[in-house]
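User: I would like to go through this structure with you, starting with its strands. Could you begin with the pairing criterion?

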Amino acid sequence: MKLASWACCAISLLIGLTAVVLAQGTSPSGVQIQHFEAAVHHVVPLGPQLPEPGVVRPDLSEPGWTPVALPVVTPRQLVSMYQGPRQWHMHWYHVRYVLPPRGASPALAVYAARVQGGPVEVHVNDRLLLANRYHWGSQWNRPLYVQIPADVVFTSPGVDVVIDVVVGVPLRDKMNHSLATLWVGPADEVRAMADRRTLAHVTGPQVTSLTILVLGLFSFGVWWRRRRESAYLLFALASTAWWVRNLHYHVDLPRSGPVHDWFWWLTNASMSWVMVLTYLFALRFHNRRYRKVEWLLVGFTLLSTLLTIPPLPGDPLVLQQALNALVSIFVTAFITWIAVRHQSRELRLLTATLWVGIALGIHDLLLVSLRITPESAYLMPYATLLVFGAFLYAVLRRYSGAIEEVEQINASLEHRLAQRTSELEDNHRRLRAVEREQALLLERQRLMRDMHDGMGSALMSSLVLVEQGKLDLPSVAQVLRECVDDLRLVIDSLEPIGHDLVTLLATLRYRLGKRLEAAGLQLEWQVDDLPPLPWLDPTAALQVLRIVQEALTNILKHARARKVRIALRKAGQQVEVDITDDGLGFDVAAMTANSEGGRGLRNLRKRAQGLGGDVLFTSQAGHTQVTLVLPIEREAEPVTGK
C-alpha cells in the first residue's frame with residue numbers, strides 16, 4: 001500500500017502543477033497579466049488551397065467580427081468523415097490588451113493552454129509572430145507561447161499602449177478545433193505558466209511512460225528467469241504497449257499523409273492492447289482462469305486493430321476509444337465481482353485503481369472528442385502510473401507471499417528435521433547400547449571359547465593324566481605355565497592397540513622377554529614403520545599372538561638356539577613378521593609330511609589363513625625362519641546363513 005500511496009501523492013502533485021496554470025499573477029513591474037475569456041471571431045474563406053502564412057492577414061476594420069466566449073470548442077463526431085473536395089477557411093480570434101501610458105513597455109508574451117485542430121498563426125499589431133504550418137500536428141498537447149518583440153509595441157507619452165493579438169486557425173470543412181482562453185502579460189510570468197503547462201502536458205507523461213518501460217524491462221528479466229510466472233511477461237508487454245501509446249509525447253508527428261496516418265494508428269491501437277494486457281495481468285491474481293473472457297478480450301482488440309488499419313475514409317478515433325472505455329467498464333465490473341466474492345486483497349486494489357483509470361480515461365475521451373474545455377490536461381498517463389503502481393504492489397506482494405510461504409515451509413521442514421534428528425539420536429543411542437551389549441556378549445563368548453579351547457582343554461587333559469598318575473610334577477608345572485601364557489595372550493588381545501601390529505607384538509615381547517633371557521636366548525627386535533591394519537580386532541589380535549608365541553615356544557623346546565631375531569617390515573600390500581633363530585633346524589618337507597610332527601606347523605598355517613595371510617617356513621642347520629604374512633587390507637568375509 002505504501003507504493004500505491006506514493007503513486008497517488010505523485011499524481012496529485014503533478015495535477016496540482018497543472019492547476020497552478022490557471023492562477024493569475026502580477027509582475028513586480030506593476031504590469032498585470034490579463035486573462036481573456038472572450039474574443040471577437042471572424043471567418044474568412046480561403047478556397048481549396050491553403051495559402052502560405054502571412055498572405056492572408058486579419059483586417060480588424062472588416063465587418064463580420066462577432067463576439068465569442070473562450071474557450072472555443074467544436075465537438076468531434078464518433079467517426080469524422082473527410083470525403084470529397086473541401087474548402088479552407090481562416091478562423092480569426094482577436095483580443096486587445098491595453099496598458100496605461102508609460103515610457104517603455106516591458107517584455108510581453110501571449111499564452112494559451114491548447115490550440116487544437118489545425119495550424120496556428122499569431123499576429124500582434126498586424127505583424128506575424130508565429131506560423132506552425134508544418135508542425136501543427138504536435139500542437140494538440142503543447143501550450144501556445146509567443147513572446148512579443150519590443151518593436152511591435154508602440155508607446156507614446158500620455159497615450160494608452162494598445163496591443164491587438166489575433167490568433168488564426170485555418171480549417172477545412174468538417175474539421176473540428178478548440179482554442180483555450182488567452183493570457184497576455186509580462187513575458188517572465190507568462191513563460192512560467194507555459195512551462196508549468198508543458199510539465200503537466202508533455203514532460204510528466206514522458207517521465208511516467210519511460211519509468212513504466214524501465215519497470216517493464218525489469219519485469220521481463222524476472223520472467224526470463226521464471227518462465228512459469230506469466231504475470232511478469234504480461235506486465236512487461238503492457239508497459240511496452242503503453243510506451244508505444246505515448247510515442248507522440250516523445251517525437252513530433254510525421255508530416256506526410258501515409259506516415260502520419262500509420263503513426264496515429266500505431267499509437268491509438270496500442271491503447272487497446274494496453275487495456276487487454278492490463279486485464280489479462282489482473283486476472284492472473286485469481287486462482288481460476290477465465291479463458292473465454294481472455295479470448296474475447298484478445299479477439300476484440302485484434303479485431304479493432306485490424307479494422308482501423310489505414311487508409312480509412314474517416315477518423316474512427318473517438319469511436320475506437322469509446323468502445324475501449326465500454327469494454328473496460330464491463331471487464332472491470334467482472335473483476336470487481338471476482339475480487340469481492342473471493343476476498344482477494346491484490347484484486348481489490350487492482351480493481352480500485354482500474355476504476356480510477358476508467359474515470360480518468362473517460363475524462364480524456366471527452367477531451368479528445370472536444371466535449372470539455374481544452375484547459376484540461378490529459379490525465380490518463382498519470383492514471384496509468386497509478387495502475388502500474390498497483391500492479392507493481394500486487395507483484396511484490398505475490399513475491400513476498402511466495403517468500404513467506406517458502407519460509408514457512410522451511411520452518412516446518414526444520415521442525416520436522418529436528419524431530420527426525422532427535423528420533424535418530426534416540427535410536428542411535430539405543431542402537432549403540434544394543435551394540436555395546438552385543439559386543440560385550442560376543443567378547444564374553446569369544447573369551448569363553450578361547451579359554452575353553454585353549455587353557456580349559458589343557459587343564460582338563462592334564463587333570464586326567466594327573467588322576468591316572470601319568471604326569472609328574474615338572475610336567476604339571478609346564479602345563480600350568482602354558483595355561484598362564486595362554487591366559488596372558490587372551491588378556492593382551494583385549495588391550496586397545498589402535499590396529500597397530502607393532503604395539504600388539506610389543507606386549508608379547510614384554511611378556512616373554514624374561515623367559516627367553518632365562519632360557520639363554522638373546523632376543524633382537526627390528527621394526528620398520530608399518531601402516532595400521534584395519535581388520536586387527538581383538539579376535540584377530542589373539543590369533544596373531546598365538547602364532548608368534550607358538551613359533552617362539554617351538555624354538556625354546558626344540559631348536560637349542562642362542563639367538564632369536566624378530567623383524568617386522570612392509571612388503572607391497574602386505575606386512576611380514578620374520579622369526580629367525582640359529583638353532584638346529586629341521587626338515588620342512590619331512591616335518592610337513594609327518595602327520596604327528598607336522599600338526600603344529602599345519603595349525604600355524606591354518607591360523608594365518610584364517611586372517612587372510614599365510615606362514616612360510618625355511619630351515620637348515622644354524623638358520624630357521626618362520627615368516628607370518630598378513631594383508632594390510634582384507635576383504636570382508638561373506639555373510640553366511642548359519
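Analyst: Two strands count as paired if DSSP finds at least two bridges between them. Please note that this is a predicted model.

User: How many bridges join S1 and S14, and in which sense do they pair?
Analyst: Three bridges connect S1 with strand S14 (residues 182-186), and the sense is antiparallel.

User: Turning to helices, what span should H3 have, and how far apart are its ends?
Analyst: Helix H3 covers residues 230-245, which is 16 residues; at 1.5 Å a residue it should span 22 Å. Its end C-alpha atoms are 22 Å apart, so the two values agree.

User: Which residues of H3 are buried?
Analyst: Among them are Tyr 232, Leu 234, Phe 235, Trp 242 and Val 244. The buried set also includes Ser 239 and Arg 245.

User: And on the surface, which residues form a nonpolar patch?
Analyst: The patch consists of Leu 319, Leu 323, Leu 326 and Phe 330, which together have about 370 Å² of accessible area.

User: Where does Leu 326 lie, and why is it classed as partly exposed?
Analyst: Leu 326 is in helix H7 (residues 317-342). Its relative accessible area is 45%, and partly exposed means between the buried limit of 20% and the exposed limit of 50%.

Note on methods. Residues numbered from 1 in each chain as written. Predicted model: local features only at pLDDT ≥ 70, side-chain atom pairs only at ≥ 80, totals over all residues. Heavy atoms only, no water. Helix = DSSP H or I, 4+ residues; strand = E, 2+ residues; numbered from the N terminus. Expected span 1.5 Å × (residues − 1). Buried < 20%, exposed > 50% of the residue type's maximum accessible area, 1.4 Å probe, protein only. Patch = residues over 30% accessible without salt bridge, like charges linked within 9 Å, V, L, I, M, F, W, Y side chains within 5 Å. Areas by Shrake-Rupley, 256 points an atom, 1.4 Å probe, with all protein chains shown as cover. Salt bridge = Lys/Arg side-chain N within 4 Å of Asp/Glu carboxyl O.
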